[in-house]
Amino acid sequence: MTVPNTPPDPSRAAADATAGTAADAPVDRAPAAAANPYGAPPAYGPPPGLEFAPVRKADPRASLRRLLPEFQVGAIMVLVCLLLGLAMAGLWVWLAPKVPLVVDGNRILYGDPEGEQRAGADSVFVLIGLGLGILTALGAFLVTRRRGGGIAVAVGLTVGGLLASLGAWGLGRWLGPSRDLVAQARKVGDGGHFSADLDLGAYGAVLVWPMAAMVVLLALSAAFGKREEDPPPYWAGPYGLPAATGGAPGAGGPPTVAGGAPVDQPHPVDRPGGVEQPLHGAQAHPVEQPFDGRKP
């Protein structure tokens, strides 16, 4: 209530005029429409002001440079196996039993019809391949143990052992007795003896060397190979953080790890009532009171 004939407040009159002008002004912008839940999702992209670095394409030459040491190791394994294949051929020709033949008129007969010389030749080839497979696998493991082996060692031993076995088979046939039995019979004459050509009856014998090398290499790698470090135990904290360290005596706070994060502490035993109440003064060390027979 105001006194009659009181002049109006100038500041209040100016505020009322400004509010009326804003209410009467036309609205140029339509109200924002509600978001359509079934509309297309917004386009994904980096937030404003953030730019990603361009993706660099892998250099094929760099990849080849990284694989070059592996190729070198594999090539060395193959070369060593091929050289040992020459020795295998010589041992096979020397140790394999010969099949005796005899000339009887115009016929060539077995000197020992019930002999097992053919099977013996296959067995000798298998035993030589088995020994060389174990030898090459052991040598390859000892040489490449420091670098941790690798797929190139296994592949080199497999390919080299197979090629060496095939080469020893062909070279042994060439170094052994001639395959021309008629020429041999004419050379020795009627009643003469000579040996049949050296050959494999079991073609699977050429796989003994690479299979033995692979088995021995895998066994040595599993038993004595280079191993990765075991991860820290679960109570030592996450990777890259040291184990929890206790707080300083008298600090009044729980132990923390690097970075200030507190370490979980075992929950104290709850008191009756569900609230842990500290004991102070006489409650912490109660004193026995004499009983005088009266009720408290």
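Trainee: In this chat, strands are DSSP runs of E with at least two residues, helices are runs of H or I with at least four, and both are numbered from the N terminus. Which strands pair here, and over how many bridges?

Mentor: Strand E1, residues 100-104, pairs with strand E2, residues 107-110, in the antiparallel sense, over four bridges. Pairing takes at least two bridges found by DSSP. Before we go on, this is a predicted model, where local features need pLDDT of at least 70 and side-chain atom pairs pLDDT 80 or more, while totals for chains, interfaces and linings use all residues. Residues are numbered from 1 along each chain as its sequence is written, and side-chain values use heavy atoms, without hydrogens or water.

Trainee: Got it. What is the bridge partner of Val-103?

Mentor: Look across to E2, where Ile-108 is the partner of Val-103.

Trainee: And which residue in that hairpin takes a positive phi?

Mentor: Gly-105 does, with a phi near 65°. The hairpin has two residues between its strands.

Trainee: Switching topic! Which residues touch the most other members of the largest nonpolar core?

Mentor: Trp-92, Phe-125 and Leu-157 do, in a core of 31 residues. A nonpolar core joins buried Ala, Val, Leu, Ile, Met, Phe, Trp, Tyr and Cys residues through side-chain atoms within 4.5 Å.

Trainee: Which elements give two or more residues to this core?

Mentor: Four helices do: H2 (60-95), H3 (117-144), H4 (151-175) and H6 (208-224). H3 gives the most, with eight residues.

Trainee: Back to Leu-157. What is Leu-157 in contact with?

Mentor: Setting aside neighbours within four places in sequence, Leu-157 is in contact with Met-77, Cys-81, Thr-136, Ala-137, Ala-140, Ala-213 and Leu-217. Contact means heavy atoms within 4.5 Å.

Trainee: Where is Thr-158?

Mentor: Thr-158 sits in helix H4.

Trainee: And why is Thr-158 partly exposed?

Mentor: Thr-158 counts as partly exposed because its relative accessible area is 29%. Buried is under 20%, exposed is over 50%, and partly exposed is in between, using a 1.4 Å probe and protein chains only.

Trainee: What does Thr-158 touch?

Mentor: Leaving out residues up to four places away in sequence, Thr-158 touches Pro-210 and Met-214. Thr-158 and Met-77 are 81 residues apart in sequence, with their C-alpha atoms 9.1 Å apart in space.

Trainee: Now for pockets. Which residues lie nearest the centre of the largest pocket?

Mentor: Of the 14 residues lining the largest pocket, Gly-148, Gly-149, Gly-150, Leu-217 and Ser-221 lie nearest its centre. H3, H4 and H6 each give two or more residues to this lining. The pocket holds about 200 Å³ of space. A pocket is an open set of points on a 1 Å grid over the protein atoms alone, where a 1.4 Å probe fits with protein on both sides within 12 Å along at least five of seven lines, and lining residues have an atom within 4 Å of a point. Volume is the space filled by probe spheres on points joined across faces, edges and corners.

Trainee: How much space lies in the second largest pocket?

Mentor: About 160 Å³. Thirteen residues line the second largest pocket, and Met-77, Val-80, Thr-136, Gly-139 and Ala-140 are closest to its centre. The elements giving two or more residues to that lining are H2 and H3.
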